[in-house]
Protein chains: 2
Amino acid sequence: MGLVTTLPRNETGIETVVGVLKQQLGERLQTSEAIRTQHGHTTTWLENQAPDAVAFVQSTEEVADIVKVCATHKVPIIAFGTGSSLEGHVNAAAGGISIDLSQMNGILDVHPEDLDCVVQPGVTRKALNEYLRDTGLFFPIDPGADASLGGMAATRASGTNAVRYGTMKDNILSLKAVMPDGSIIQTGQRAKKSSAGYDLTRLLIGSEGTLGIITELTLKLHGIPEAMSSATCSFPDLESACNAVIMTIQMGIPVARIELLDALQVKAVNGFSKLSLPEEPLLLLEFHGSEASVAEQSESFGDIADEFGGTGFSWTTSSEERTKLWQARHDAYWASLSLRPGAVGISTDVCVPISRLAECVATTQAKLEELGIMAPIVGHVGDGNFHTLLLIDMEDENEVAAAHEFVSWLNELAISMEGTCTGEHGIGQGKRRYLEKEIGAGVDVIKAIKTAIDPDNIMNPGKII
Amino acid sequence: MGLVTTLPRNETGIETVVGVLKQQLGERLQTSEAIRTQHGHTTTWLENQAPDAVAFVQSTEEVADIVKVCATHKVPIIAFGTGSSLEGHVNAAAGGISIDLSQMNGILDVHPEDLDCVVQPGVTRKALNEYLRDTGLFFPIDPGADASLGGMAATRASGTNAVRYGTMKDNILSLKAVMPDGSIIQTGQRAKKSSAGYDLTRLLIGSEGTLGIITELTLKLHGIPEAMSSATCSFPDLESACNAVIMTIQMGIPVARIELLDALQVKAVNGFSKLSLPEEPLLLLEFHGSEASVAEQSESFGDIADEFGGTGFSWTTSSEERTKLWQARHDAYWASLSLRPGAVGISTDVCVPISRLAECVATTQAKLEELGIMAPIVGHVGDGNFHTLLLIDMEDENEVAAAHEFVSWLNELAISMEGTCTGEHGIGQGKRRYLEKEIGAGVDVIKAIKTAIDPDNIMNPGKII
């Protein structure tokens, strides 16, 4: 259905570059089909477009050297972290070199006194938090997958904690990047704020590898809260659950996480994880603060839940019980897939102003029913962001067509509600057609910037625009 | 000393454009010397460079029309809010048309349920908060001056509340802007987060009118806290005060404001406002939250102050007493000027990682003494950001030379401490020479973007780069 476009290949250039890089990198340049395919897009319904070779890089300077070779021969470069992106971001639409940053996984500096750290892009969020454990600090952004921090920056990722801690754009102080001509830039230093020139940090965050390759990140850290509490509550219908969320946000309760599972998602989790939750919409919450504050927040939410017909409300600060309460959320993805073995899961990602959330989720559920698509809903609803996971038999043309229809319909619905077609996954290949609907002539500005910085379009061609 | 450069003027183009606009705008195009001078830079030691005419605009479409006329004739356009910027941002270095946005002061929409609002750029922060008072919401960014929100966006402003609420970049959901070709773009909609394409919102924030003219802002709002408390405490020396700040931040106390006044600043305020504060470094704090939470925060800070030799610690939630405690801060600017009547005040604006704050402030004070410059220090120290206000007799060449020496020295000191030459004032004309020291080859990327979006350099020429 045209989500993936194949672009013209520069065969001569590619052949030359692969030869040169083989000389430079030896075994760290791989061209086997298995490795190439694994570095094309593998985690979604988008067709796999494998690169011609994969370079396992070890330093910023090495990335710069490779980019210079590719720039000379006008050969595409696609940055690769862990491959967990969802919209075809790492597909090699015109072939070229995948730069695998997983070996650049050093934590270069931790400044506990400044609440920041400097890391290489291949460090995953879990690895960073594991490393930080003894410092009393943590990095809060949690997109679910154990993504690389470079990839999370490149896609402007967020996830469950964003309602309190913001997204990647709010938690990066500065970046080091290799630009399309091989030059190395540092977008800023470690001051907590700066008004020095255009915000190149934020320009690179969310640029999906189309402007440069991030090779170092200076990240903000947060103190591990003195106390955390978790709460769950079931609701008679989606509107009630969403309305409880809306009121929680409007009352300024500084909730850290507030996640919605619809009845189908709860059913999936019950089956998958041997739970016996009421098969009704469920909210899962987490509160961070002092002992007194998390108790106050939990109880305030309990009162709100009550007002909207919530049942089975419970909360706890015990770590073990918290894990149990959140199990339904942690298992959601695999539980969903188990609803229909063999089906491919297609994740949507709209985000709307919170006043439109209840309406948007309810309309979405009705549309899924109308089209006969099985698709559990989970959402980072405190931000107005939710996902449906369409379970589609890719062999059935009618189902695939229905999935396409639904995805288009949902993205346009969100845009018509003053929202966005992507809260956190990014545009990649899959959502290019919606970008103009969302930001109109802004697309021309994006194109002008792209052309100015990467005139030969060698950085991840075929993405965003 | 070269802070202000005069660029070549396009006399024919300017003459033509002034004629055309006079036809279009009538009385809303002003060319009197008084009005032109008032729209050049007036609030600092930088030389005034008046525009050729001032257009008092009333709509986005009108701005677009004017920009198209200027684009056709390659005539500079300088956006003007309230003129409170400090680094020559509104000077007409090559002449041209000042676009005064003060009549575009409508509050277009308030969405209390989404905690956002849509405003025109001429609305000032105080006017917005006055308007919002009955909604229980407020816009937190407070740079001191009652600046226009468009200007605050253009310079990436922040101020006293930033330690808790962030800067302009964190409190704008999207922007409408007129680009150099007269096209109108909307950078996003009202979703709380989005990963849709390059972050054009953040690219315009801090672009100082060099990429486009902001004509509408969608702002995040915050609930007015249930309770606020204020605290003050004196310290035996600057290091102790700074160390108390550092520990407050490191312990994760969610302080809303934490401001430092040095002994000279306190002396100035005592004289100006008839107070009798101990003439020692003073910290002023504000805490936002529930009654219980602000009490807890205030007392936690009291313990920290104690540890660093703080004296006279007191805190209160009473609105009247809070105003009294904060009087010293509110009067700081005028009190400083009263220390030396006739002198011009030159405000510096460095920001360093908080671990370097005590050292940076102490070194700064020693350097001021060495150079014999009278300059009180105030700071938004929770972010590592502080200002000195140099009191200079502009008729005395030696003093002016010493001021230049000091400003250069301080900016370079901050950069050498992994900080920035501007935490919140911006680059304008005054700090162009430091930008490359701070971000190196990043300047080339800024130039490439500027050239791509504004190839004829008509948008606020001579600023940032």
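Axes are lines fitted to C-alpha atoms, for helices over the stretch in contact, and angles run from 0 to 180 degrees between N-to-C directions. The model is predicted.

**Exercise 1.** Describe how helix 13 of chain A packs against helix 14 of chain A.

Solution. 
1. Take the axes of helix 13 (residues 357-371) and helix 14 (residues 397-416) of chain A: they come within 11 Å and cross at roughly 160°.
2. Angles over 145 degrees count as roughly antiparallel, so helix 13 of chain A is roughly antiparallel to helix 14 of chain A.
3. The crossing of helix 13 of chain A past helix 14 of chain A is right-handed.
4. List the partners. Helix 13 of chain A brings residues including Cys360(A), Leu368(A) and Leu371(A). Helix 14 of chain A answers with, among them, Phe406(A), Trp409(A) and Leu413(A).
5. Sort this contact by class: nine nonpolar, two polar and two charged residues.

**Exercise 2.** Locate the two domains of chain A and characterise their contact.

Solution. 
1. Domain 1 spans 107-223 and domain 2 spans 227-416 in chain A.
2. Their C-alpha centres are 27 Å apart.
3. Six residues of domain 1 of chain A contact 10 residues of domain 2 of chain A.
4. On the domain 1 side, two are nonpolar, three polar and one charged.

**Exercise 3.** Which element gives the largest share of the side of chain B that touches chain A?

Solution. 
1. Count the contact: 74 residues from chain A and 74 residues from chain B.
2. Elements of chain B giving two or more residues include helix 8 (238-250), helix 10 (291-307) and helix 16 (442-453).
3. Helix 16 of chain B gives the largest share, eight residues.
4. By class, the chain B side holds 28 nonpolar, 31 polar and 15 charged residues.

Notes: Residues numbered from 1 in each chain as written. Chains lettered and ligands numbered in written order. Predicted model: local features only at pLDDT ≥ 70, side-chain atom pairs only at ≥ 80, totals over all residues. Domains from an automatic or database assignment. Contact = placed C-beta atoms within 7 Å. Nonpolar A, V, L, I, M, F, W, Y, C, P; charged D, E, K, R; others polar. Helix = DSSP H or I, 4+ residues; strand = E, 2+ residues; numbered from the N terminus. Parallel < 35°, antiparallel > 145°, perpendicular 65-115°, else oblique. Left-handed = near helix turned anticlockwise from the far one by under 90°.
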